[in-house]
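Welcome! Please take a moment with the sequence and the 3D view before reading on.

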Amino acid sequence: MKLIDLLAVGLPVVADAVGQVPEYIRHGETGWLVTPGDAAAMVEAAWMLLQRPEEAWRMGENARRMILAAHQWEHRMPTLEQAYAYAVERATSRP
């Protein structure tokens, strides 16, 4: 599963703070970020979420709301319209 899929279904995520991950996981709000390669920190954060189900639920719900708000159709329509326009143009311009 992709990171966005996990967040969209309301799961708090523990992940390395690399690449685009920090754009989606807000430490302590939608999941936990750990130092890349720090396996002990990863285990500790996951264990903490298991020991605090209310906090895990809150983070998961925050994550779900964040992803759904960011990926509403109003935000995605311009890109989708451009993709369709490009496809129609290509399909109709062939000899």
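With which residue does the side chain of Glu61 make a polar contact? The partner is the side chain of Arg64, at 2.5 Å. A polar contact is a pair of N or O atoms within 3.5 Å; within protein, one must be able to donate a hydrogen and the other to accept it, and residues adjacent in sequence count only if both atoms are side-chain atoms.

This is a predicted model, where local features need pLDDT of at least 70, side-chain atom pairs count only at pLDDT 80 or more, and totals for chains, interfaces and linings use all residues. Residues are numbered from 1 along each chain as its sequence is written, and side-chain values use heavy atoms, leaving out hydrogens and water.

Glu61 sits in helix α4, which covers residues 53–70 and reaches 26 Å from its first C-alpha to its last. Among the buried residues of α4 are Ala56, Met59 and Ile67; their cover includes α1 (3–8) and α3 (39–51). Buried means under 20% relative accessible area (1.4 Å probe, protein chains only).

The C-alpha atoms of Thr30 and Glu61 are separated by 7.8 Å, although the two residues are 31 apart along the chain.

| Residue | Relative accessible area |
|---|---|
| Glu61 | 15% |
| Thr30 | 0% |

The side chain of Thr30 reaches the backbone oxygen of Tyr24 at 3.4 Å, and one of its polar atoms lies 2.7 Å from the backbone nitrogen of Arg26.

Terms used:
Helices (H or I, at least four residues) and strands (E, at least two) are DSSP runs, numbered from the N terminus. The expected span of a helix is 1.5 Å times one less than its number of residues. Buried means under 20% relative accessible area, exposed over 50%, partly exposed in between (1.4 Å probe, protein chains only). Contact means heavy atoms within 4.5 Å.
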